[in-house]
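Thanks for coming, everyone. Please put the model up on the screen, and I will walk you through it.

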Amino acid sequence: MNRPLAGLCLLAFAIALFVALVPLGAVPHLTDEVAYTLQSKLFAQGLRVGPAADNASMVQYPFWVSDPSSYGVFPPGWPALLSVGQAVGLPWLVNPLIGGLLPWLSYLVARELVEEKPALLAAGVMALSPGVWLLAATRMAHTSVLAALLVATVVVLRREQRAWTWWLAGAALAYVVLARHFDAVLAIPLILM
């Protein structure tokens with residue numbers, strides 16, 4: 001990785017981390033984020049479901065089933081990935097780390113299609129996008145799904161001969177199905193290539 005690209009990755013990570021810690025206060029805000037976080041806490045403890053909620057306010061969360069047992073209604077992929085951060089007490093760090101990889105992954109995809117300078121510009125656009133900063137600062141699944149789709153795209157565009165790269169692409173696409181199954185529709189062109 002060249003120095004400007006590394007700088008863009010570091011910039012994307014730093015801004016997403018700042019937004020996660022300062023404006024967002026390192027806490028989930030949307031009901032989706034709350035459900036993802038609660039499910040990740042269960043996964044970090046090695047559980048799929050928890051006991052019935054004894055707090056009446058849990059009824060206010062439309063994406064959390066609280067009786068007869070507690071669990072999130074979303075697919076398990078993103079909460080499982082988020083549980084890694086949860087297990088070490090840093091769930092707010094997972095998405096900024098992934099967000100820091102997006103400029104590099106965008107560069108790799110663009111480099112397969114264009115010369116160095118426009119590919120670096122693509123990485124810059126990703127690193128300087130307020131939308132990317134915000135999503136990478138939240139506990140939403142979008143950043144990880146984008147990263148997984150970019151990984152699979154790089155492998156497909158390179159037509160790699162090494163088997164492990166295709167396993168990596170398959171794992172990335174499987175993650176998309178497990179994290180946001182409707183977004184997996186975006187993978188259909190990759191599979192058909």
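Start with glycine 50: its bridge partner is serine 70 in strand 3. A word on the source: this is a predicted model, where local features need pLDDT of at least 70, side-chain atom pairs count only at pLDDT 80 or more, and totals for chains, interfaces and linings use all residues. Residues are numbered from 1 along each chain as its sequence is written, and side-chain values use heavy atoms, with hydrogens and water left out.

Back to the sheet. Strand 1 and strand 3 pair antiparallel over two bridges. Pairing here means that DSSP finds at least two bridges between two strands. Strands are DSSP runs of E with at least two residues, helices are runs of H or I with at least four, and both are numbered from the N terminus.

Now the other pair. Strand 2 and strand 3 (residues 69-72) also run antiparallel, joined by two bridges. Here tryptophan 64 stands opposite glycine 72. A hairpin of three residues links strand 2 to strand 3.

Put together, we have an open sheet of three strands, in the order 1-3-2, with antiparallel pairing. Strand 1 (50-51) and strand 2 (64-65) are at the edges with a single partner strand each, so one side of each has no neighbour in the sheet.

On to the helices. Helix 3 and helix 4 pack at about 105°, with axes 9 Å apart. The axes are lines fitted to C-alpha atoms over the stretch in contact, and angles run from 0 to 180 degrees between N-to-C directions. The two helices are therefore roughly perpendicular; that label covers 65 to 115 degrees, with under 35 roughly parallel, over 145 roughly antiparallel and the rest oblique.

Which residues make the contact? Helix 3 brings Trp78, Leu81, Leu82 and Gly85, and helix 4 brings Val94, Asn95 and Ile98. Contact means heavy atoms within 4.5 Å. These residues divide into five nonpolar, two polar and no charged. In this scheme Ala, Val, Leu, Ile, Met, Phe, Trp, Tyr, Cys and Pro are nonpolar, Asp, Glu, Lys and Arg are charged, and the others, Gly among them, are polar.

Leucine 93 sits in the loop between helix 3 (77-87) and helix 4 (94-111). Leaving aside neighbours within four places in sequence, leucine 93 touches Phe13 and Leu17. Leucine 93 and arginine 139 are 46 residues apart in sequence, and 9.2 Å apart C-alpha to C-alpha.

Last, backbone angles. Most residues other than glycine have a negative phi. Alanine 26 has a positive phi of about 60°. Alanine 26 is in the loop between helix 1 (3-21) and helix 2 (31-44). Arginine 159 has a positive phi too, near 50°. Its loop lies between helix 7 (142-158) and helix 8 (163-179).
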